[in-house]
Amino acid sequence: MSVKIKADIRHWLRELDKKYFCVMLGFAVMVYFPLISLKLTNTVDGLWTTAEYMAGAWELSNGRWFWLVTSFLRFSLQLEPINAVVCLVLVSLGVTKLHMTFKTVHEGRTSCLDWLAGLCYLANTVIGCYLSFAHQSVEFGLAFYLSVLAAVCVIRSRSIAAGVAQGAFLLALSLGLYQTDLACFCMVLLAWFLVLLFRGEEGIKLRYYIAKCLGSAVCGAALYWGILQIILKISGVAMTNYQGGASTSPLNMLKSLPQSIVKCYAQFWDYFFGDTVRHNVLQSFGVLYALAFLVVGAALVRRLAVVLRRKDAETALYAVAAVLVMPLASVIFLLAVSQATFYIPMAGGTALFFPVCFWLLDAAQPASNTETSGKNKAGKVKKAALLLAAAGILYGSVFMSAIDQQAMYEGRKATKQIADLVAGELVAEGYYDLPEKLPVMLVGRPSASPLFRTHVIYWDANDYAQVGLFEKENAATMRYSWNAVFRDLTPMQLELCSDEVYDELIRTEEIKRMPTFPEKGSMQEMDGVYVIKISEDYLIDE
């Protein structure tokens, strides 16, 4: 057994395109160097959880059962910047695996479009968001890699049974870490299906491929769900309704399918032309992605025209359907949880949309075809347009990632300055001289304090990166945030009041009339609690 494992590892290392992998990893480290070197985290879970975290009931109640295994194997330690580097290694391996899969007609060389496709994915803000969750960045990276590996196993397998078995097993593990990477799995399989169609594969091979894809997806989802139910039963943990997880079932999926499909396409549109996720500095102009869709769409239509001219109704139907389904596949997890709120870590599939389009268009063209290889004027124009689109997406993505990292740095620095001043005032007022220290209640968000100073670029970043813009969902989220600040940014012993006390005092007229720190009267004792009002923006969201 050990001999076989060693042989498999050697084969994997020989097969790996080491040059492509090293360039991808080196580029990613360069883009995210500020985050890695300064150990930056986001303003939510990344801020709350740093050095040590053991996954448990919360992760299991969200369906992420395999996370418990990976967390145990890492002894619950979150050692930065090691976690960030491991995450980038895994994502770079996944991107390299995609490059090696689609690079079949250009043996011996890698085209410029091939290089840009990989770089576009690595520069996307979704990767920076993964890294900002220091305690689970490894799980994010591994989930992506396993989803890609599952798709590649389906593509390369010579039999339906082997493809379904291998793909289902790896997909189940990926879903056990983060369910939304189902979108990455589907995007890769769909892109390769288009490659087969554009190359003119026989109908029987296409049907075999469809059977492998559907079989691996259904069996993988069933295996994931079956293992989850067994673990939930043994542990006595119930599914939480976070992001609609508790209400997920095949029956509910069928009932809400029409609305879910509409939501998938709407979310796809919003990702590229809305403002929910800021993944490109040129996104707000709308021109970049309009041109990118125009260029990629024109290239796909040209390839579709070739398929349609074959006058084969079956392959024509497959080709048109595959292109139309690609946007839905990029957010396919919304079919299961249509009521879920889309946010950046869920954007792995949409971030992969243009890269896989570039890869499939690059791989689908026969090397001997002068029209598509760029030897005539039309071919050269098409290739130049695709290269410009990819370069524009890469350019804007790099700078958007830089903005998010700068916001994390400035927000952390400004939040720390406020916490340092509060600590100084507590010491000056003799708070630590008391034999029994009163619990402290910090009211308001640092970002709304008159002392909070950052460059205007802070407000151009995504919400997750705006450290100091604490979530006000409930008393617990405010407590998690302030506790992390005084634990990690301004290390001092500070006992915060309970959530029940917070809820009881937060809407009182006494707090409403208090001035904000550092004005006189901004620190007062109320009902056995030492209240410090940081800003006026303090009421819990309804």
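Which side chains meet in a salt bridge at 4.0 Å, N to O? In this predicted model, the pair is aspartate 17 and lysine 103, where a salt bridge is a side-chain nitrogen of Lys or Arg within 4 Å of a carboxyl oxygen of Asp or Glu. The pair links distant parts of the chain, 86 residues apart, with aspartate 17 in the loop between H1 and helix H2 (18-31) and lysine 103 in the loop between H7 and helix H8 (112-123). By this rule the count comes to eleven salt bridges.

Residues are numbered from 1 along each chain as its sequence is written, and side-chain values use heavy atoms, with hydrogens and water left out. Local features need pLDDT of at least 70 and side-chain atom pairs count only at pLDDT 80 or more, while totals for chains, interfaces and linings use all residues.

**Confidence**
- The protein chain averages a pLDDT of 88, with 92% of the residues scoring at least 70; pLDDT is the predictor's confidence in each residue, from 0 to 100.
- Where pLDDT is low, the predicted coordinates should not be read in detail.

**Domains and their interface**
- The domain assignment, which is automatic or taken from a database, gives domain 1 (1-365) and domain 2 (408-533).
- The contact between them takes 19 residues from domain 1 and 21 residues from domain 2, and their centres, taken over C-alpha atoms, are 39 Å apart.
- About 1600 Å² is buried between domain 1 and domain 2, and carbon and sulfur atoms give 60% of that area; buried area is the accessible area (1.4 Å probe) that two parts lose on being put together, summed over both.
- Across this interface the rule finds zero salt bridges.
- On the side of domain 1 that touches domain 2, the elements giving two or more residues are helix H3 (33-38), helix H4 (45-48) and helix H9 (125-132), and the largest share, four residues, comes from H9.

**Backbone features**
- Most residues other than glycine have a negative phi, and most peptide bonds are trans.
- A cis peptide bond joins glutamate 80 and proline 81, with omega about 10°, and proline 81 lies in the loop between helix H6 (65-73) and helix H7 (82-102).
- Another cis peptide bond joins phenylalanine 517 and proline 518, with omega about 15°, and proline 518 lies in the loop between helix H23 (509-513) and strand E2 (523-526).
- Lysine 39, which is not a glycine, has a positive phi of about 55°, and its place is in the loop between H3 and H4.

How values were computed: Contact means heavy atoms within 4.5 Å.
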